[in-house]
Amino acid sequence: MLQTLPFTVSKSDSFYEKFSEWIGDVFYDILPEKGFELRDEQVFMAFQLEKAFKDKEVIFAEAGVGTGKTLVYLLYAICYARYTNKPAIISCADETLIEQLVKEEGDIAKIKNALDISVDVRLAKYHDQYLCLKKLDYAVSNEDSETIDRLYDELPGFVNEGSSMVSYTPYGDRKEYPYVNDEEWSKVGWDQLQSCFSCEKRHRCGQTLFRDYYRKAADLIICSHDFYMEHIWTKDARKREGQLPLLPEHSCVVFDEGHLLEFSAQKALTYKVADNTLSTILQGLMANDVRDETLYIIEDLIDMNEEFFALLQKHSIPVTGSNRHTIISSSALKKCGESLHRKVEELEESLVFEAEMYTINEYDLKVTEEFLEQFGYSMSLFLNDKQAVSWFEQHAQSNTLVIMPRLVQDILGEEVFSKKIPYVFSSATLSEDKSFDYIASSLGISDYLSFSVESPFDYTEVMQMNLPEFKAEDRESKMNYALKSIHDSEGRTLVLFRSQEDLQWFKANAADSPYPFYYEGDMEISELVRRFQEEEHSVLLSYHLWEGLDIPGESLKNVIIFSLPYPPNDPVFEAKRQSSANPLEDVDMPYMLLRLRQGIGRLIRTSQDEGSVHILLPDDLDERTDAKIKSVLPTL
C-alpha cells in the first residue's frame, strides 16, 4: 500500500527542503498546539538528522532521557519510507522495546493522533518469540501441563484440523499467550535446534505466516537487533535455498539503544552444533545410493562426532545460574576436534564425486553440503580459540557446542555499513568520555556524523539518590532494605537485579507483601509491564529491563538496583576478560557503569516525574570504583 507524505512536494521542489520546513512546523507549531512540550534538545536533534538522511550517512545521535528522541527518528523514518517507497527498519535492543514502541500510549500512537495520519507499522519478532508446532505436539504428549493444553486448544482451526488456508490469520506470537511462563515457553517455543526449512508443518507455522504479513509493511518494520543481524548474515544463504530474506528491501535503519548492536552481531554469527544433528543428516544421506567409500567415511564421521561430544562433556564445568558449561582446553579434545574437522573435509570431497553420478536426491545433497560447510567452519573457529569464544550447553534432548566470533567489525563494515542508506544510532549512552570512536571502531564504521544533547531534566530537584552499604554476602539485609523501601513507596517500585539467579533468590526468600509483585519469567514480559503500569501500587522485579522500559507517571516512583550490574560470569565475558590486559577497566567497569546509567534512567521519564533511586553498594567498595560510580550519577 502506497502511503502519501504528510506535506506537499511538487515536481520542482526538493524533498529535503520541504521536509525540513515541515519538521519545523511540527515541533514549533503543530505539537505544542496539541499539548506537547517545546523542547530545544528535540528540535536540535531533528535538524541534525537531516544531513544524515540527505547524504545517506551513519549518525550517532546521543540524546539524554526526556529529549523526545524517539519521536524525532520516527518522523524521519516514516517520511523517508514514503519518499523512497521502501519501509524503514526500526531495530530495538530486544522484544520488550518493540512492544514499548507500539503500545497504545506509545510514540507511534502519539504521532498518529497529533498529526492525524495513519502509520502502517508491523512487528518482525525474533524466532524464539514464536510457537513451534513440532515442539508443541511433543509437549502435549509428554508434559502434564494445563497451560500447554490450553495453548494447544486455542490454536486456529487450520493448524491441526487440516482445513483450508484460503482464509487465515497470523498466530503463534508469544504475546498472544501471556499466561505462559518462561519455563513452559521453553518447551513449546522455537529454538535454534529446530530445522524449519525441512519441517513438514512450515506452511501452517505461525512464524511463517507472520513473515508474510510484516514483509508487506509500507512505513515501518520494527524488529530486534538480534533479528536484524540474523537477516544480514542469512540473506545470501536464504536466497541460495530459494527462500526470501528475513526482511524486505528497506530505505533506512534506526538502531534504538544502538550501543548493544555489537553483541547482537556476535550472537547472530554464533554457530550452534547439536550432538545429534550430524548423525541425523548423514543417516538421511545414507538412504541414497552412495559409493561404499562414502559410506565408510560417513560411518567414521558419526563415530568421531560421538567421541568428540563425549570429550566435550568430560572437559567442561557448569556455570552457576545457567545451562552453559565452560570448556577446559585439553590435548585430547583438540586432537579429536582436528580429526573430526579433517574427516568433514574428506566427506565434502567425496560428495563432489557423488554429485557427478546423480545418484543422490538433490535436496538431501544440498542440505548435507550446506550443513557440512557450516560445521567445518564452526570447527575451524573452535580449534583456533583466538578467533572465537566457545562453550558447551546441556539441554533436555541434546547437548550443544556453541561458537561465537570474538570480533565482528570487519564483517559489519563490509556487510552493513558499506551500504549507502541512512543509519541512525539512538541512545542516551553511546559515547565514552564524549567520544564516539570506541563504538564506531567496534562496529567497523570509519566515517560518521555525531552529536550529543543532555537531558532537560533538573535531577537535583526531582530525584533522590540513596547509596546504602551492605556486607558483600549479606543478601538478606539487602532484601529487607528493599522490602522496606517498597513499603514506604506503597509499591510503585522497579527492582533491578544483576542476574536471574539473584531474582530467583529474592523471590524464594521475600516475605509476603500487601502489594502485587510481578517477577520476570512468571508470564510474557510485555504483559508484566502492562500490569505494572496499570496497577499503580504494584512492584516489577526484573534482571532484564535495565534499558527501554518507559513508565511515566504514578506507577513508578522508586527504583532499587539490588547489586552493581557487572557482566555475568559466563564464557562470553570470560573470553573478553582473558583477551584484555586490564579486564576490570576494559570489560567489567565500562559494562557496569553503562548498565547503571541505563537503570537509573528508568525513573524520570517526563518533566512531571519524581522519585527515589536506591543503589545497594558493597561496604568494601574501593575508592576508585566508588568515584567512578558517583561520576555517572545524575545527582548525589
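These legends describe close-up views of a predicted model.

**View 1. A patch of negative charge on the surface.**
Five glutamates are shown: Glu345, Glu348, Glu349, Glu369 and Glu373. They gather on the surface as a patch of negative charge. Two helices, α15 (331–357) and α16 (362–383), each give two or more residues to this patch. Helix α15 supplies the largest share, with three residues.

Glutamate 373 and glutamate 369 both belong to the negative patch. Glutamate 373 lies in helix α16. Glutamate 369 is placed in helix α16 too. How does each count by accessibility: exposed or partly exposed? Glutamate 373 has 51% relative accessibility, so it counts as exposed. The cut-off for exposed is over 50%. Glutamate 369 has 35%, so this residue counts as partly exposed. From the C-alpha atom of glutamate 369 to that of aspartate 385 is 25 Å. Those two residues are 16 apart along the chain.

Side chains of opposite charge can pair when their charged atoms come close. The structure holds 37 salt bridges. One of them joins aspartate 107 and lysine 110. Their closest N and O atoms are 3.9 Å apart. Where do the two partners lie? Both are in helix α5, which covers residues 107–115. They sit three residues apart, about one turn of the helix. Lysine 110 counts as partly exposed because its relative accessibility is 37%.

Aspartate 120 forms a salt bridge with arginine 122. The closest N and O atoms of this pair are 3.0 Å apart.

Glutamate 536 and arginine 492 meet through their side chains in a salt bridge, at 3.5 Å from N to O. Glutamate 536 counts as partly exposed because its relative accessibility is 31%. Arginine 492 has 16%, so it counts as buried.

**View 2. Cysteines without disulfides.**
How many disulfides are there? The count comes to zero. Cysteine 223 is in no disulfide. Its nearest cysteine sulfur belongs to cysteine 92 and is 7.5 Å away. Cysteine 223 counts as buried because its relative accessibility is 0%. Cysteine 132 has a relative accessible area of 10%, so it is buried.

**View 3. Asparagine 85, a residue with positive phi.**
Asparagine 85 is not a glycine, yet its phi is positive, at about 60°. Where is this residue? Asparagine 85 lies in the loop between α3 (69–84) and β2 (88–92). With 53% relative accessibility, asparagine 85 counts as exposed.

**View 4. Aspartate 116, another loop residue with positive phi.**
Aspartate 116 has phi near 55°. This is a positive value in a residue other than glycine. The loop between α5 and β3 (121–124) holds aspartate 116. Aspartate 116 counts as exposed because its relative accessibility is 70%.

Tyrosine 28 is found in helix α1, which covers residues 15–33. Its relative accessibility is 46%, so tyrosine 28 counts as partly exposed.

Note on methods. Residues are numbered from 1 along each chain as its sequence is written. This is a predicted model: local features need pLDDT of at least 70, side-chain atom pairs count only at pLDDT 80 or more; totals for chains, interfaces and linings use all residues. Side-chain values use heavy atoms; hydrogens and water are left out. Patches are made of residues with over 30% relative accessible area and no salt bridge: like charges are joined within 9 Å, nonpolar side chains (Val, Leu, Ile, Met, Phe, Trp, Tyr) within 5 Å. Accessible areas come from the Shrake-Rupley method with a 1.4 Å probe; for residues, only the protein chains shown count as cover. A salt bridge is a side-chain nitrogen of Lys or Arg within 4 Å of a carboxyl oxygen of Asp or Glu. Lys and Arg count as positive and Asp and Glu as negative; His and the chain ends are not counted. The place of a charge is taken as NZ of Lys, CZ of Arg, CG of Asp or CD of Glu. Helices (H or I, at least four residues) and strands (E, at least two) are DSSP runs, numbered from the N terminus. Buried means under 20% relative accessible area, exposed over 50%, partly exposed in between (1.4 Å probe, protein chains only). A disulfide is a pair of cysteine sulfur atoms within 2.5 Å.
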